[in-house]
There are 4 protein chains.
Amino acid sequence: MCGIFGIYGHTQASYLTFLGLYALQHRGQESAGIVVSDGREVHAHLGMGLVSEVFSPEIVAKLKGHIAIGHVRYSTTGSSHIRNAQPFLTRWKKGYLAVAHNGNLVNSLSLREKLEKDGALFQTTLDSELLIHLIVRSRKKDMVERIVDALSQLKGAYSFLISTEDRIFAVRDPHGFRPLVLGDLGGVPVISSETCAFDLIGARFLREIEPGEIVEIESKGVKSYHPFKKVKPSYCIFEFIYFARPDSWQFGGSVYITRKKLGARLYEEAPTDVDMVVPIPDSGNYAALGYALRGNLPFEMAVIRNHYVGRTFIQPSQEVRDLGVRVKLNPCRDILKGKRITVVEDSIVRGTTSRMRMRTLREAGVKEIHMRVSCPPHRYPCFYGIDFPNPRELAANIMGIEGIRKFLGLDSLYYLSLEGMLSCMPEKGEHFCTACFTGDYPVKPEEKVDKFILERR
Amino acid sequence: MCGIFGIYGHTQASYLTFLGLYALQHRGQESAGIVVSDGREVHAHLGMGLVSEVFSPEIVAKLKGHIAIGHVRYSTTGSSHIRNAQPFLTRWKKGYLAVAHNGNLVNSLSLREKLEKDGALFQTTLDSELLIHLIVRSRKKDMVERIVDALSQLKGAYSFLISTEDRIFAVRDPHGFRPLVLGDLGGVPVISSETCAFDLIGARFLREIEPGEIVEIESKGVKSYHPFKKVKPSYCIFEFIYFARPDSWQFGGSVYITRKKLGARLYEEAPTDVDMVVPIPDSGNYAALGYALRGNLPFEMAVIRNHYVGRTFIQPSQEVRDLGVRVKLNPCRDILKGKRITVVEDSIVRGTTSRMRMRTLREAGVKEIHMRVSCPPHRYPCFYGIDFPNPRELAANIMGIEGIRKFLGLDSLYYLSLEGMLSCMPEKGEHFCTACFTGDYPVKPEEKVDKFILERR
Amino acid sequence: MCGIFGIYGHTQASYLTFLGLYALQHRGQESAGIVVSDGREVHAHLGMGLVSEVFSPEIVAKLKGHIAIGHVRYSTTGSSHIRNAQPFLTRWKKGYLAVAHNGNLVNSLSLREKLEKDGALFQTTLDSELLIHLIVRSRKKDMVERIVDALSQLKGAYSFLISTEDRIFAVRDPHGFRPLVLGDLGGVPVISSETCAFDLIGARFLREIEPGEIVEIESKGVKSYHPFKKVKPSYCIFEFIYFARPDSWQFGGSVYITRKKLGARLYEEAPTDVDMVVPIPDSGNYAALGYALRGNLPFEMAVIRNHYVGRTFIQPSQEVRDLGVRVKLNPCRDILKGKRITVVEDSIVRGTTSRMRMRTLREAGVKEIHMRVSCPPHRYPCFYGIDFPNPRELAANIMGIEGIRKFLGLDSLYYLSLEGMLSCMPEKGEHFCTACFTGDYPVKPEEKVDKFILERR
Amino acid sequence: MCGIFGIYGHTQASYLTFLGLYALQHRGQESAGIVVSDGREVHAHLGMGLVSEVFSPEIVAKLKGHIAIGHVRYSTTGSSHIRNAQPFLTRWKKGYLAVAHNGNLVNSLSLREKLEKDGALFQTTLDSELLIHLIVRSRKKDMVERIVDALSQLKGAYSFLISTEDRIFAVRDPHGFRPLVLGDLGGVPVISSETCAFDLIGARFLREIEPGEIVEIESKGVKSYHPFKKVKPSYCIFEFIYFARPDSWQFGGSVYITRKKLGARLYEEAPTDVDMVVPIPDSGNYAALGYALRGNLPFEMAVIRNHYVGRTFIQPSQEVRDLGVRVKLNPCRDILKGKRITVVEDSIVRGTTSRMRMRTLREAGVKEIHMRVSCPPHRYPCFYGIDFPNPRELAANIMGIEGIRKFLGLDSLYYLSLEGMLSCMPEKGEHFCTACFTGDYPVKPEEKVDKFILERR
């Protein structure tokens, strides 16, 4: 996954983008980058690591200009190289183009092959570079038309920020897989993957960029285009379940409130009679609150997080993940010993992480563990930007639900029903992509991308 | 504050100490160090920064031996230098001595001046180095007697780990200001500032080291000495309020449960009629849970933490603290807008951090804010190891309670009473040091220490 | 300036390229890079700094493959960024292309503008990237023809190494401005800017790549093409005067011996009656030896070099250069006091460095200083790859020869005549480019290149 | 070996000390440090690596004060740790003491054991720390008397700089093993291991500190003490042969001129009839010049040094040394092919380095090689500060002279005679320590020191 942020017309553009990326850090921790323009010259800084590691105050101060776009990245293809950092910046006949991308195209390999046949050269395997080539090669004159021309060849999930010396374009694919929101900071337009970035910089949330919409921001103001035929939206439901920050608003609703609803529905579908409801920090917190409230059960934050480690799901290797789990969360024995508890999880992917957690709960003396998961079992890959493991490694495919229950050593296990989950959404259920649960893909995937190795230090 | 950890007789001593320090990271983030012995040779590694920054797998692997002690440090004197990293290691006529310290002596300057008159040389201003000089200069023959001789000259708060080539001594001052616990890892004795480190490595908590007790660990086993006259204990009550991890057990009780009791008592003393109880992460979580449960009020985790920043209280400069607050916590507008809330805080020191938080709550649309603090107002300095600001900078001294209420822009503000706080403690109230609230110092402070500047890279 | 190195068909290709670049380090200290291919996959590593800083044994070991090209760079355009490191690697429809360049094109801007009009995107302002675009866009089928097609559009100075997955092409421009030599390492072909790299790896020098020649190396062996109309060569005479290493052979002769001849001729043109001849380390050493030998004068290495600093000419800022001079060279007072000396210099550019040196010689008690310079005065810019300062900053243009003599505080000053210099060359004088002395440019310069700023860490 | 530098009473004391250490870099490359005092407070900065790596302009600027001493170190004991960096700084009852040392004591272990019995604690195994303990424990009142008291217990080679808040003491042992010189910078006293540091900062060389002399520098000026009974000096002759910089003056004479004399004498003892004399850079340069001049033979700098590597002798591991040789020096084939040459070396230690050099000369086509060495064969260890290998590893002991000749593949080999060497010295031959050649130790060695491992980062 990735996070993107842009701002147009502020003297502190790079600093505000730095803060914006900071708020979006949960969407990608592998690399970060900012491209800034003063209307004529363009400067960029990109690096591997957290936003706070890549950018120092000195570096941000050097990025002068009033137009900025930024990006945080978590690799969806496995290779961890500085050259894959975004925004992708290049020079063409009319000046500069920078692109930041959240999502994943499903026809990038065939598009690249076609372009290469026409003489295009590629520095990376990034969808952002692909988009730039398409824009540059378009025979249209106007930049908006060029972008429309380029986008019309893309299939898949994308929220793009495109910046020239003097304009920013914000684009969301016709299905609207990934979120993208528009805000206002004292008259200055800002764009972000999530609204939580607006809160941090004190901006006001105006509205979501609509699926298929192109927003053009320039000195005269903000214009909106809807060049594509309207299709049924396919919002990524996993953004609500797990990915987005609880303090964000997306796809027509509050993440926090939606998660609480999922928890309440979970209780309705599968109530438990226990001494307490225990969330697994941090993504399970809100569904657990909803579950406890609906069931009038005591809520206890009995699994303690060590704040000196990062987010589990978003770490590269299995070894690190295993250690990460052991080090990161500790059950509080004094409150758990001899108790019957309900654990609320947001998802079970491989099951290995959950298994270790359940084991430590047992070691802490928990008598009964009932697990409730706030979504259905994951069974299919995501081609739209979330890096799930190979379906053959997914617990639900390997062992089935009862198998998982035994594997985790649970007294009971229940996954929220598809209907239940969809009923909690702020928009119609059919407007959400549920492919990872159902295998029902709104846009057919085409192929996997190749690798290309180049390291710069 | 500091955290200390020791283990005797394990082939993976340095790795387990590394993990132990990891679990104690919340007690100090400035520096970390481990001294390990194989019975004859002693190796040490110390560095500035977090445990995970100072130690790599390669470094830990090089620290061979079965006896190890470790230390994490947050400077109480303001100077941030590698030379202040602990354990402090030195060579004397009988071999090696390493000392790790949690606490603060109140007569260190006069002791050092006395020793310097006798020809002692000091490399640091650490209490650990002072202790070593006293041990070495003692005329007693036996090491236990030397340690007793040395300790009898110390005044103040200390939990020490002292290691020679073949023994570890664990010491707690007669008042027992700082915690120190003994555990067992499959027959191998382990010692830690807090029990949460035992959980991480899978050790069993046996008991607290008693105030005034010296525990000697060597190949034949564990011996205990009580050489000092028994005095009334003075456990640091702020460990319960704020410092210790909730999953630790200390001073006869569970931190988690004690904090919940504080919250419940807070409701009894000052109930509120609100839409929800909101904790300020993370230390206020448990008192808030207790408050909500006792008052049968909805509990909402409506202030969202960005997990890519460290703990506020434990950061050096005011600028960083200010930025930290803004960046670290975000109120979830969608759940808070138009609501009446009770915020539970663990303490208010300068008030500047709280003020910024309350302002962002108001910006998120909260209608009424009632603050409840789970301890009385801080008015006096701590001489026993906690780095409170100068009393003249404490909010309660500057503006009084009503002044704080206005300064924070609250609809109401209530501090838990001294009696209320003490009634929640797992031991008799008179066994706790409450000097920071009352100015009633169990051990009279003598002086401030000097500075000594030497930087090694 | 830059240095390039390539090897085809050795299991240790990347390690030998690392060593080759090491021997060519004097040609560029800003960045270094290696691209290696195993016949199918291509790997690259590039970084800022010295070869020994960019490459560790671990990194070299990871660069697996039997075909490698490498590059060391000193910026000719002033911007010091990792993106300007070479070889430049890209992907096109037929696979991979990597290019390493020594020289400077004089029509790169107009070529780039033309390509951009055709939809080309540029990541850098490197001539290497330009060449790749021209190769890729060529309508020819065969790679050799594509390269010929591309080269025929280039004007200026270039020695290129071009690598695909399974071939290396070595190219020298028709004027042969920059050196390029072919060697043999036990049957394995090697290519280098200078023969000194062959010595280091134990390879045998076979011959120089000829001006206008394209050498193709593939699994079946080495082929040679001469597609361009023969023109009069224009070997860079400054390679002999200053740039090349004395142990290299180029343009038909030995650098060492040529420099000695320059010194001997200098004595013939302007003899001195002094106590000793003193070289300014290190480039002046050999001309000084020749001067002393021809004049039967004692040779004294009386200016001592501190070996912990780099080469003066090749350092970026004026401040560093000033400090560099003071710190790097010290006259040996005991041998110089009261003496009349002849100093042999290889060139005077701005004169500021020489002035400081002469001042320190006077401070060391030298009575008379006669300076002899082993080339004529520099008056014109180089457009073929050497980064001389703006002509308005050249001492000879600012103050004239007598002015320089006074500025440096010399008793006499003599520059070698153009005829004298050319008479020492191993080939006909008219085969050398002397534009920096005469302003007579073999290939007309067209324009200056633009800047493009992007930093990756 | 080590280098020391001090200055008293200059506003730029730390910057000038930085420059002084820079000029002394050849005496030690492992670590560097500066201690500076403003008369009351003392600051220090120490680090691993070259002076230019340890000190940045920012760091030097922070070291405020007018009194400074500095140190560069090459480990004589093999352990490479930051804690062994000097100057060694400590606090005692009267303030601060810092000590920088060049040399090696032969009774340090017994002294330390004695002190430890008296309760002394040691942080390091440095002789500097030992000296401080002795000064502090002295019962004398006056600092000069304390220093005399302490020094009178030391045996071995030492040049010390001792600094308090307001004074510097410069001390040389009664045998004067190591050099130490006094200079003047516009009225400000400066002290250095070698005079080349004076040249760099523009100071005037006044005189050598005499063997057994204590120089006290304070605000009122410079005082001199000669408290010890006069003994015959034992100047380290290897300083003249190899260690000192050629532009230094020491032990009554110029290093440059003395080396030339050694070369001339070498010709007289063992003339050769060859085409040229070739020095091995850099230490062999001056003896080779003397040899060529005396024999009226052409002098050719035919072995080219790559300036991007450090000094061979002073590098830790054998592997690095081997690679170093291959990479660092390249014979110039064009001048050497088919020639008969005389190579002048300053010394042969293990012989492995020379062997590789001779092999590359043969590979370059040299027909005859006659080696002349400007000192007798090394056969014995040095206990006074030079880190020769174990005598069992010395070539002369392993294979004898004829064996070395064969091992190196020479046509002839000759070592300068002891008498010949001594006859070139600026003082009486009996005033020099020749123990490494003769085994005749002026001060009997007592023992080897122990190791003590502590790493700080």
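Chain A of this predicted model has a radius of gyration of 22 Å. A compact globule of 457 residues would have one near 23 Å, so the two values agree. Along the principal axes, the C-alpha atoms of chain A fill a box of roughly 70 × 45 × 40 Å. Buried residues account for 56% of the 457 residues in the chain. Its secondary structure comprises 16 helices and 24 strands.

**Confidence**

The average pLDDT of chain A is 90. In that chain, 92% of the residues score at least 70. Residues 310–323 of chain A are another matter, with pLDDT below 50. That stretch still has 16 contacts in the model beyond near neighbours in sequence. For the complex, the predictor gives these scores:

| Score | Value |
|---|---|
| ipTM of the complex | 0.89 |
| pTM of the complex | 0.84 |

Helix α14 of chain D covers residues 395–408, which makes 14 residues. Its end C-alpha atoms are only 11 Å apart. A straight helix would reach 20 Å at 1.5 Å a residue. Where is the kink in α14(D) centred? It is centred on D:I401, with an angle of about 85°.

Four residues of α14(D) are buried: D:A395, D:A396, D:I404 and D:L408. What do the buried residues of α14(D) pack against? Their partners, also in chain D, are α13 (352–363), β21 (368–373) and β22 (412–415). Just after the helix comes D:G409, which takes a positive phi of about 70°.

**Chains C and D**

Two copies of a chain are related by a rotation about an axis and a shift along it. For chains C and D, the rotation is a turn of 180° and the shift along the axis is 0.1 Å. The same surface serves both copies, as 97% of the contact residues of chain C recur in chain D.

Which residue of chain C comes closest to the rotation axis? It is C:H307, whose C-alpha lies at 3.5 Å from the axis.

Methods. Residues numbered from 1 in each chain as written. Chains lettered and ligands numbered in written order. Predicted model: local features only at pLDDT ≥ 70, side-chain atom pairs only at ≥ 80, totals over all residues. Helix = DSSP H or I, 4+ residues; strand = E, 2+ residues; numbered from the N terminus. Rg over C-alpha atoms; globule rule 2.2 N^0.38 Å. Buried ≥ 20, exposed ≤ 12 C-beta atoms within 10 Å, placed from the backbone. Expected span 1.5 Å × (residues − 1). Bend = angle between axes of the 7 residues up to and from the residue. Contact = placed C-beta atoms within 7 Å. pLDDT = per-residue confidence, 0-100. Least-squares fit on C-alpha atoms with pLDDT ≥ 70 in both.
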